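Let's take a walk through a protein structure together. Have the sequence and the 3D view ready, and we will go step by step.

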Amino acid sequence: MLNKEITFNPMKILTSAYHFFRPRALGITVAFLFLAVLMVSVFFTSWPSVDQLPQNLEDPSNIEGIGVMIFTDFVVPFEILSIVLLSSMIGAIYMAKGDDAQ
Amino acid sequence: MAIGDLAFLIPLLPALAFVLTFFLGKKLPNGGAIIPIAAIATSFVISLLITLNLLQNPGEVITQSYSWFAMFNLGILVDPLAAVMLTMVTFVSLLIHIYSVGYMSHDRSQSRYFAETALFTASMLSLILSDNILQLFISWELVGVCSYLLIGFWYQKPAAATAAKKAFLTTRIGDVMFLAGIVILFSDLFKIFNGTIPDGVFIMRFDEIFAHIPELAAMNANILGMEVSHITIITLLFFGGAVGKSGQFPLHVWLPDAMEGPTTVSALIHAATMVTAGVYLVARTFPMFIAAPDTLLVVAYLGAFTAIFAATMGIVMNDLKRVLAYSTISQLGYMMLGLGIGAAIGAEAVGMSIFHLINHAFFKALLFLCAGSVIHAVGTHDMRQLGGVAKVMPITAATMIIAALSLAGFGIPGTIFGTSGFFSKDAIIEGAYLFGESSGMWIPYVLSIVAALLTSIYIFRLIFMTFFGKPRTDYGGHESHASMTIPLSILALLALFFGGLTSRRFNDFVSETFGNNFVNMNIPELAEMGGYHLAAHVGHEPVLILWMPLIVAVAGLLIAYLIYGLKVVNMDNLVSRNNPVYKLLYNRYYQNAIFTDFISVKIIYEGFAFAVRSIDRGFDWVVNWISDVTIETGDSLRQFQTGVIQTYATAVVAGVGLLIVLIKVIMEVI
Amino acid sequence: MDLMLLAPELTLVVTGLAVLLIGLFIPVGSKKILGFLATLGILAALALTVTSLGTEATMFDETLSIDALSQFFKIVFLVVLLLVSIASIKYTEGSDNTEEFFSLAIFATIGMMFVASANDLMVLFVAFELASLATYALAGFEKNNPRSIEASMKYFMIGSLSAALLLFGISFIYGMTGTTSIPAIAANAGGLVTNPIGIVALVLMLAGFGFKIALVPFHMWAPDTYQGSPSVVSALLAAGSKKMGIVAAFKVFIIALIALQAEWQMVFAILAVVTMTYGNVVALSQTSVKRMLAYSSLAQAGYISMAFVVLTPMALGGGILYALSHGFMKAGAFIATGAVVYMVLSQNKNTENPDHLDNFRGLGRRMPITALSMTIFVFALAGIPLTAGYMSKFILFSSTIQSGLVWLAVIAILNSALSLYYYARVVKYMYFLPTDAERVSEPLPYTIALAVAVIGVLAIGFWPEPFVHWAMEAAKVLIPGGI
Amino acid sequence: MIPIELYVGLAVIIFTIGLYGFMTQRSGIRMLMSVELMLNSANLNLVAFSSYNADLTGQVFALYSIALAACEAAIGFAILMTIFRMRDTINLDSFNILRW
């Protein structure tokens, strides 16, 4: 039993690798293509960034800033989000409830 | 001028009649036939009055234009060309409608019939009246839709439904070319105006188009290494549309099958509406064709070829209506030839061609209505089962013989004695002679004279087989009702005398279409632009040439009489299935097998309409291969849609990845 | 800032909530009133939108912009919703869940309308998701029908995948430009042009929008979902939600990413050709009418995409007009199919494929109004003159030729000629194939919806002037000076 | 300071893992989890860019997208429940009545 587990059987490894990869070959290929393209793009891009991260020693959190933005600049998406929540709730409850309701 | 203001009523009344008949027809006697008859009769009166007015003063044409949207307009234009067409269409359509009252009296869906024919007439009339190419195209499509409805009138019959579809789709190929021509024309004109069109200028109106012919001719496109002028491309595409509608080779395949509708519909399609639309289109835009000599050559050659091609098939058909159908194709070939020889004789060609169109309308409507009368009484349209009908139906027989004489072109050159068909066909054949003389190209002339001989043979074969000899089968039969014979007699009179009475005058009248207060074209100058000179007028040919058409017509009559009247030749040997020539002709050059099965069904349906157009059976395997590949492509493309969600996701992601790579590569390369 | 400009959206929200609440308290038998209520609310919203035509404004710190383009598309969405809502009065009859249906449809349309007026990627994304999430449940509305559930599942899965792709793309745009505001992105787009990430972000966002527009290869959910969903929902998806993808793409590509013009014109050129050809070729052999309409809808998306490639004011006007025409034609065709399905199912509840072509046999006799409307819609889709489809195609194709892209126009014209085959086949089945079935009475709501759509199709066909003018105004928003 | 490329690279890797899972998993729940991975990698991106650009917009966006992800999960699970009731399985690859 113990012997069997540590036996180095290249054929068996290849076979199990084959069985692992064969049904996933397309997915793996596509994912690698995607990863390679994106990685190359990301690392060949010169990202704009500030030299020094802004730090406010007295209040390191930015919750307040976010809160202000939610209710000023981005209040429209916030309001839409409320409808999104409502409609997904309606949708989810409708789909999930069984027919016994009737 | 007052009557000219009513011109808009000409198409409007039949259109209203369509609406009324469609909704009320069922409640009225005879399917409400009185409504379209009254409407078309009024239209006819208006057209006739306008034409008579115009005869006094051909330079003062009627034009009315209203802005439609952007730089397009709706409008009417009644010039000599339109006036004669309007009069002819309303008149023939009126007679056919009157005749239909008797002919369709036993059909349950009479009201639908009358509604549809009224719409058919209305759309044809609006096609003729259009003063701009866009409106013309819309009516053109409407005519196509109506023909679809009418050919498939008895839609319970599978053959009728198939024929309707075939007509619709085959003419549709032409329509696509026509549309492409319009689109190119539009964008060229837009370019000429530099994109800013002044108010009140409607760029698709004929006067505007014609005024810019020089600029269009100056634009060149490079196609396969050849410099081709834009005007040539546009006119070729327009002609493509005409080929489809007017049943020229190779898009003629729908016409013989269009027989599946009621015979009156065939008469309407063959004589007054639909098929003449193509000829009218070429005539209407003739100044553009004159400036594109290459297109005119194509028109002339294709017309001549169609004339003889269809005539050879007319000889061997045994179905009464099919013979007439091929005869129509052949005569349309003559009309196209008449327009094509405009390269030699200028605007007069339009006069000649339209003259033949009008005369053809009379005798072809007559032929069809007579055939309808025979079929109505006897109940079959196989000529082999007929014979001796003249005894039971004397009026029908007499009028049919008159029509046949007119079609074959009997008359004495140089006098006013002759049938209508003689004057117009003779003129076209002589024009073809002049064309040969001035350009050295004799093929159209030779083809047209041989086709004249064949015409004479097939039409008298029909007469002898149907009306003379002994009845071959047992059929009852009686002379038709007066509502049918009176239109026959009127048409017979016209087929006999119209040509002789109007001959010269008509030509001059129609030829003035391009010089008036709406358009004023200098045809010889346009011809100069196309790079050739116009020859002298018709009428100075050698005597033999003048008499030639009559000689071949008489020869044809004699041949037909010998074979079918006296039976000096035993037809059994000739028509045996082993005779390869007969077999070829009888199977209509196998074009039905090839066109229907391959081109219509597989290629066009599958999207390779323009890829393969060869009637050579040697190319069979190529055709087969291509259509197989298309079908297989369609089917295998379908297989991508596996229904498995993971596959879909993979397609999306792979698509994103590939597109990124593709764009990067392309952007690097460019 | 004039809150009246948001009145249509607010009216719809109130209508949706009212329908939902009232639905809780009334018995199943009288739930029909909800449909009328919803229709009234939609009409009110439509009227409010029409009265505010011609105004231009930006609201809420420039996150919303009201202009000719957004007004145009809002009206498209409202009209489609109106058609769907009228037809649904019959479709939901006798159902216990009428209120869910109508409120979800209304909320989805609110999302579409906000996309049309979004001036900020954040608004755009959230509204986009609203339109998606609300329709996921609608697609699976017949929850005992495995087809409907499968349609919903596929729509949802591919939808959430493309939402993720879209968000990922937006994050890169935000990273390079430091903002999500559409005009500000256009001003700071320098980094996107010089760096490879620009193309990546472009394609990722295209995948997000292409999912809604149903461009090949992001289309694969569309035939399945259109076929499986209830017909009225398919109408909403094909006629409304597809236009949302188009207007979003207009805003993001033409306004925000105009600096990447060469790149996305290339992408759209490829996708337009592939999409229209694929759609038409595959539609040839379909026997399910809804599936056939789905593939034809692919083809139409391909035509509209040509506007991106040509990018002249006229082409964009043509594309925008096409969006309106397609709204009428496609919604009408799906609703007509819905009427047939309704008829088939009411005769035999267990029919396997109620939208199979065989059920259209002799429809000209059985349901004359439906058959006539369907004929008009398919002919309009094929581009027969005097219909909306012809006018839009004419403007779009001729502007293509005019700007020198003859090859593209030739492909498009050939494609539209090819498409006539499968459209004419439907007409053939309806009018030329015999049937021994009796005439059936046509449900009134369906008939009214069809009549409205027919009027729309013919109005644009017969009197295009005001519509063309209007579409051109909308196009001016995208390229103010013209290119 | 950590270069921003590392954050973005991490986000890309997580996104690809999500994509891979979405393309290869048969179970509906696992596919939903993959979608969450993708959405969250986008959030990571947004937040990283937000702090490196000294602009809070990205963080607000991330908050919104978290809420959206929750809604999406809710609908997704409801659809999966319906499928499970109907089929007794949530292996989505066997669910293909609609095809071709």
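Which residue forms a salt bridge with Lys74(C)? The partner is Glu9(C), and the closest N and O atoms of the two are 3.0 Å apart. Keep in mind as you look that this is a predicted model.

Now find where the two partners sit. Lys74(C) belongs to helix α3 (residues 68-91) of chain C, while Glu9(C) belongs to helix α1 (residues 7-25) of chain C. The pair links distant parts of the chain, 65 residues apart. Lys74(C) has a relative accessible area of 1%, and Glu9(C) also has a relative accessibility of 1%. Buried means under 20% relative accessible area, so Lys74(C) is buried and Glu9(C) counts as buried.

Stay in chain C for another pair. Lys154(C) and Asp224(C) form a salt bridge, with 3.0 Å between the closest N and O atoms. Lys154(C) is in helix α6 (residues 146-177) of chain C and Asp224(C) is in helix α10 (residues 221-228) of chain C, so this pair ties together parts that are 70 residues apart in sequence. Both Lys154(C) and Asp224(C) are buried.

Let's hop over to chain B. Here the side chains of Asp175(B) and Lys245(B) meet in a salt bridge, at 3.8 Å from N to O. Asp175(B) lies in helix α6 (residues 158-192) of chain B and Lys245(B) in helix α9 (residues 230-245) of chain B, 70 residues apart. Asp175(B) is buried, with a relative accessible area of 5%, and Lys245(B) counts as buried at 0% relative accessibility. Over all chains, a search of the whole structure finds 18 salt bridges.

Next, look at where two chains touch. On chain A, 29 residues are in contact with 41 residues of chain C. Between them these chains bury about 3000 Å², 76% of it on carbon and sulfur atoms. The rule finds 1 salt bridge across this interface: Glu100(C) with Lys97(A), whose closest N and O atoms are 3.7 Å apart. On the side of chain A that touches chain C, the largest share, 13 residues, comes from α5(A). By class, that side has 18 nonpolar, 8 polar and 3 charged residues.

Finally, step back to chain C. An unreviewed UniProt entry annotates residues 118-418 of chain C as "domain: NADH:quinone oxidoreductase/Mrp antiporter transmembrane". Over residues 118-418 of chain C, the chain is 80% helix and 0% strand.

Conventions. Residues numbered from 1 in each chain as written. Chains lettered and ligands numbered in written order. Heavy atoms only, no water. Contact = heavy atoms within 4.5 Å. Buried area = accessible area lost by both parts, 1.4 Å probe. Salt bridge = Lys/Arg side-chain N within 4 Å of Asp/Glu carboxyl O. Helix = DSSP H or I, 4+ residues; strand = E, 2+ residues; numbered from the N terminus. Nonpolar A, V, L, I, M, F, W, Y, C, P; charged D, E, K, R; others polar. UniProt positions renumbered as here; feature names shortened; annotations may be inferred. Buried < 20%, exposed > 50% of the residue type's maximum accessible area, 1.4 Å probe, protein only.
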